[in-house]
Amino acid sequence: MPATGAGPLSQAAVRPRPPPSGDHHTAPPEPDITTNLWGSPDKVTCDQEMTAMYQLIASPFIDDYLIVRPGHQAGVKIPRRNYLELGRAAATGAQSPQWLADTARKAWGLELGTSKVTETVIIRDQSAFSFGRASYELNLGCNYDCEHCYLGLKTFSGLGWDQRVRLLYTMRDAGVLWLQLTGGEPLIDQLFADTYTLAYDLGMMLHISSNASRLHNQAILDLLDTRRPYRITVSVYGASEASYDGLVRRRGAFKLFERGMTAALEAALPMRLNIVLTKTNAHEEAVMIKMAERWGLEYLVYSNLSPTIYGGAEVLPAQSTEHLRARKPFTGCNAGHTFFHVDPHGKASICKVGRDSQIDLSAEGVHGLRRLGAIADNLMLRTGGCSGCQLSGTCTVCRPLAKLYQDAKAPLNTYCQHGRSSA
């Protein structure tokens, strides 16, 4: 939980906002930065040699500058002059300034003592781009075969190590501070540990989306304990062996889930649960919620299923119609402007849903991202079946998601106001 401060060192909350309950896939939550500690920023940039075992990250973030700590959701906002001061201190081997020591103590109970800046802080460079968040599908392959999965055919393929290194440096150069590692199941990817380690060592705040089936692995636990993510989001598919194994279509999966959760809770890893409802497990919703509460974990309930990323309808029969929930009106998002998604082959899109007009980062590098904003604006236009809609001002899905539903020939009432008004 974020600490609270008082007086001139009142802490800024840098907590990712939870996505609206209902949809099973969203962009990683955007940090909520509410307080500036030291007034208006000055313009500076600085550089520092990468160090792996740092305790704090000082980084530009879109139009702001932040101090964040791996393994924690809370952070503080600083002006550019303080960011520049850290750069000078790192360059000269100076001790951490008093304001940083005071901030670390108030925000995280962290005592910096007489440590040098280079021993405590990794300082991220200023980026020429405005991206602060991204998600990366390491591999579409998975050890489950969930009846509702929006990925469709889960193929084991992706970038080799050298290409992944270039991709992670590209993300860093684009300004990405918060990075979600997802899949498929990222923890079964052969290069997960190396990918995670490099992303951490480059100064990114990491979020893992997992089914928990590999969280009992000691090598993974040791990695996540040494280089801590700020969050692990675990999808929950049932509260009993019958419903869980039935939904994921893998015998023994529930036992692996329980084993992984037990190990992660014992290691005090920062977790949140996504409770996914389908026809197979919807009757256990209350039991799954009680399970989350017993573990003392935050949770979200997802009950509105989406077509596959290819516009396939094969997963839609798993929808529990009794649990189809009305969505809030879609009021816009920053996809393609301050956030982007990368698939297993290094191709960037505005988000996990809007995958049209991808940019091959392996071929174009960071400069290819300059085209993403225009792509996003074009994909959000109400075209096709949504052209001229008189209810577009209160539409509850973005245009890319509506297109997937239309391609899948989904029942209109599952995503559109017209369907609900005529039902």
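Ser135 is buried, with a relative accessibility of 0% (buried means under 20% relative accessible area, exposed over 50%, partly exposed in between, with a 1.4 Å probe and protein chains only). Ser135 sits in strand 7, residues 133-137. Its side chain makes a polar contact of 2.6 Å with the side chain of His341. A polar contact is a pair of N or O atoms within 3.5 Å; within protein, one must be able to donate a hydrogen and the other to accept it, and residues adjacent in sequence count only if both atoms are side-chain atoms.

The model is predicted: local features need pLDDT of at least 70 and side-chain atom pairs pLDDT 80 or more, while totals for chains, interfaces and linings use all residues. Residues are numbered from 1 along each chain as its sequence is written, and side-chain values use heavy atoms, with hydrogens and water left out.

The chain has 13 helices and 15 strands. These are DSSP runs numbered from the N terminus (helices: H or I, at least four residues; strands: E, at least two). Of the 423 residues, 57% are buried. Contacts (heavy atoms within 4.5 Å) between residues at least 6 apart in sequence join residues at least 24 apart in 70% of cases. The accessible surface of the chain is about 17500 Å², and carbon and sulfur atoms account for 50% of that surface. Accessible areas come from the Shrake-Rupley method with a 1.4 Å probe; for residues, only the protein chains shown count as cover.

Helix 8 covers residues 253-266. Its 14 residues should span 20 Å at 1.5 Å a residue, and the end C-alpha atoms are 20 Å apart, which agrees. The expected span is 1.5 Å times one less than the number of residues. Buried residues of helix 8 include Phe254, Phe257 and Met261. The buried residues of this helix pack against helix 6, strand 10, helix 7, strand 11 and helix 9. Just after helix 8, Ala268 has a positive phi of about 55 degrees.

The largest nonpolar core has 102 residues. Such a core is a set of buried Ala, Val, Leu, Ile, Met, Phe, Trp, Tyr and Cys residues joined through side-chain atoms within 4.5 Å. Helix 8 gives the most to this core, with six residues. Apart from this core lies another, of 22 residues, with Val76 and Leu86 among them. Met171, Leu179, Phe257 and Phe340 have the most contacts inside the largest core. Beyond four places in sequence, Phe257 touches residues including Tyr144, Val234, Tyr244 and Trp295.

Twelve aromatic pairs occur in the structure. Rings of Phe, Tyr and Trp (its six-membered ring) pair if their centres lie within 6.5 Å; planes under 30 degrees apart are stacked, over 60 edge-to-face and the rest tilted. Tyr244 and Phe254 form a tilted pair, 5.5 Å centre to centre with 55 degrees between the planes. Tyr244 lies in helix 7 and Phe254 in helix 8, so the pair ties together parts ten residues apart in sequence. Tyr244 is buried at 0% relative accessible area, and Phe254 is buried at 7%. One aromatic cluster holds Tyr144, Tyr237, Tyr244, Phe254, Phe257 and Trp295.

Some backbone features lie in loops. A cis peptide bond joins Gly183 and Gly184, with omega about 25 degrees. Gly184 is in the loop between strand 8 and helix 5. Ile62 is not a glycine, yet has a positive phi of about 60 degrees. Ile62 lies between strand 3 and strand 4 and is partly exposed at 31%.
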